[in-house]
Amino acid sequence: MRVHVADHPLITHKLTVLRNKNTSSPTFRALTEELVTLLAYEATRGVRTQPVEIETPVTRTTGLEISTPRPLVVPILRAGLGMLDGMVKLLPTAEVGFLGMVRDEETLQPMTYAERLPDDLSNRQCFVLDPMLATGGSLGAAIQFLIKRGAVDVTAVCILGAPEGLERLERETEGLDVTIVLGALDERLDENGYIVPGLGDAGDRLYGLV
Ligand code: URA
């Protein structure tokens, strides 16, 4: 597993506003979109391309275009939806699938409650969107779900991560081609599973308490 923690003053500035508990939902949503576009630039560094012949006004030349099958962007419901616009702004030709993950209160294991994805992901590059990498339970399950369907490599884009979640993902994705791109790696999880210092509940901050 490769981990890339963004290191850029614009990202840190936007993250600081997101962390502030006085930031309103509309500002939070707008900044999330901007931040994800910056993270998407990092996350797509390894996007697969194929050569293409084109004609400029001056001559013929060979360039590169994003390969087919097209990359698949998968926001994890609900909070991952707030990251979708920022991601597809940079990758407009990607297809978009959806995964809803929830914790089974009996087994405490993450389970899928909603899924809208191609049946066969063979040879697909997937970009998973989940703002908070906390325990890593749902993100790990989502990555394994995509790989079982045939995805060749998976990049997860997260706004914040905790060391506990990264360690769990490292164990659960051993031997798989997985990259994690984070806006920042925070200190730890608190006793309620919140990232510290964090930004609170990302879904609630994006969409309000429902
Ligand atoms: N999910 C959130 O939305 N926030 C956290 O801090 C941890 C998990």
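Where does Asn 123 lie?

**Figure 1. Asn 123 in a loop of the predicted model.** Asn 123 lies in the loop between β7 (110-116) and β8. Helices (H or I, at least four residues) and strands (E, at least two) are DSSP runs, numbered from the N terminus. This is a predicted model, in which local features need pLDDT of at least 70 and side-chain atom pairs count only at pLDDT 80 or more, while totals for chains, interfaces and linings use all residues. Residues are numbered from 1 along each chain as its sequence is written. Asn 123 is not a glycine, although its phi is positive, about 70°. Asn 123 is exposed because 12 other C-beta atoms lie within 10 Å. A residue is buried if 20 or more other C-beta atoms lie within 10 Å of its own, exposed if 12 or fewer, and partly exposed in between; the C-beta atoms are placed from the backbone.

**Figure 2. Gln 125 in strand β8.** Gln 125 belongs to strand β8 (residues 125-129). Gln 125 has 23 C-beta neighbours inside 10 Å and therefore counts as buried. Leaving out residues up to four places away in sequence, Gln 125 touches Val 47, Arg 48, Pro 71, Val 152 and Asp 153. Two residues are in contact if their C-beta atoms, placed from the backbone, lie within 7 Å. Gln 125 and Gly 150 are 25 residues apart in sequence, and their C-alpha atoms are 9.7 Å apart in space.

**Figure 3. Two residues of an annotated binding site.** The unreviewed UniProt entry carries the annotation "binding site" for residues including Arg 78 and Met 132. UniProt positions are given in the numbering used here, feature names are shortened, and annotations may be inferred rather than shown by experiment. Arg 78 is placed in the loop between β4 (72-77) and α3 (84-90). Arg 78 counts as partly exposed because it has 14 C-beta neighbours inside 10 Å. Not counting residues up to four places away in sequence, Arg 78 touches Gly 203 and Tyr 207. Met 132 is part of strand β9 (residues 132-133). Is Met 132 buried or exposed? With 25 C-beta neighbours inside 10 Å, Met 132 is classed as buried. The contacts of Met 132, not counting residues up to four places away in sequence, include Cys 158, Ile 159 and Leu 160.

**Figure 4. The packing of helices α1 and α2.** Two packed helices are described by the angle between their axes and the distance between the axes. Helix α1 (residues 9-19) packs on helix α2 (residues 25-43) at an angle of about 155°, and their axes are 10 Å apart. This makes α1 roughly antiparallel to α2. Axes are lines fitted to C-alpha atoms, for helices over the stretch in contact, and angles run from 0 to 180 degrees between N-to-C directions. Angles under 35 degrees count as roughly parallel, over 145 as roughly antiparallel, 65 to 115 as roughly perpendicular and the rest as oblique. Among the contact residues are Leu 10, Ile 11 and Lys 14 of α1, and Phe 28, Leu 31 and Thr 32 of α2.

**Figure 5. Two cis peptide bonds.** The peptide bond from Thr 68 to Pro 69 is cis, with omega near -5°. Pro 69 sits in the loop between β3 (60-66) and β4. Val 196 and Pro 197 are also joined by a cis peptide bond, with omega about 0°. Pro 197 is in the loop between β13 (195-196) and α6 (202-207).
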